Amino acid sequence: MAYCGSRERAEDLVQDTYVRVLSKPRFLRHDDDLGYLVRVLRNVFISQYRRDSSRPALATADEIDRFEDASVRQPHEVVEGRLVYEAIAALPPQFRDALVAVDVAGLKYHEAAKALRVPQGTVTTRVFRARQKVAEMLRPDASAEGKVSSDRASLLRTH
């Protein structure tokens, strides 16, 4: 969800990732299954993003009215969760990748470093900075330039 910003698109991304992985049998070494899947997920996302950016935009599921399953979570929790994922999706790619690998996928820092093919210290720094940027974007007094809009910020303050 951090890559896509919506549950539906994230589910499609996961399905596309599994199609890509299962279409060609591969042998994994060094028990790096999760890191491999994260790399493939990121590559599928990048491929889809490039393909979609060259085509005219269509209406997304977020723009169409739909019903949420309120029995699972309270409405304010749903809004807060969406705001967090939107903030993560708005991060620069290197910060988003590190944050998704560690905080969303649950990889340890050394596993994320292997999956992203960067030193572990780089992952640590990127995760720290990404968390700071997300916190800044979710602050109630954040401005509208690339951050949470004032109506969303006021929604956060009321809940």
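Trainee: Is Ser 6 buried or exposed?

Mentor: Good place to start: this is a predicted model, in which local features need pLDDT of at least 70 and side-chain atom pairs count only at 80 or more, while totals for chains, interfaces and linings use all residues. Residues are numbered from 1 along each chain as its sequence is written, and side-chain values use heavy atoms, leaving out hydrogens and water. Ser 6 sits in the segment before helix H1 (7-23), a helix being a DSSP run of H or I with at least four residues, numbered from the N terminus. Its relative accessible area is 5%, and under 20% is buried, over 50% exposed and in between partly exposed (1.4 Å probe, protein chains only), so Ser 6 is buried.

Trainee: How far apart in space are Ser 6 and Glu 86?

Mentor: Along the sequence, 80 residues separate Ser 6 from Glu 86. In space, C-alpha to C-alpha, the distance between Ser 6 and Glu 86 is 8.0 Å.

Trainee: Which residues does Arg 42 touch, not counting those up to four places away in sequence?

Mentor: Arg 42 belongs to helix H2 (residues 33-53), and at 18% relative accessibility it counts as buried. Contact means heavy atoms within 4.5 Å. With residues up to four places away in sequence set aside, Arg 42 touches Tyr 3, Asp 97 and Leu 116.

Trainee: Which residues form the aromatic cluster?

Mentor: Rings of Phe, Tyr and Trp (its six-membered ring) pair if their centres lie within 6.5 Å. By this rule there are 2 aromatic pairs. The one cluster consists of Tyr 3, Phe 45 and Tyr 49.

Trainee: How does H4 lie relative to H5?

Mentor: Two packed helices are described by the angle between their axes and the distance between the axes. Helix H4 (residues 93-104) and helix H5 (residues 109-116) have axes 9 Å apart, at about 135°; axes are lines fitted to C-alpha atoms over the stretch in contact, with angles from 0 to 180 degrees between N-to-C directions. Angles under 35 degrees are roughly parallel, over 145 roughly antiparallel, 65 to 115 roughly perpendicular and the rest oblique. So H4 is, relative to H5, oblique.

Trainee: And H5 with H6, at what angle do they cross?

Mentor: The axes of H5 and helix H6 (residues 120-138) come within 8 Å. H5 is roughly perpendicular to H6, since the axes cross at roughly 100°.

Key. Rings of Phe, Tyr and Trp (its six-membered ring) pair if their centres lie within 6.5 Å; planes under 30 degrees apart count as stacked, over 60 as edge-to-face and the rest as tilted. Helices (H or I, at least four residues) and strands (E, at least two) are DSSP runs, numbered from the N terminus.
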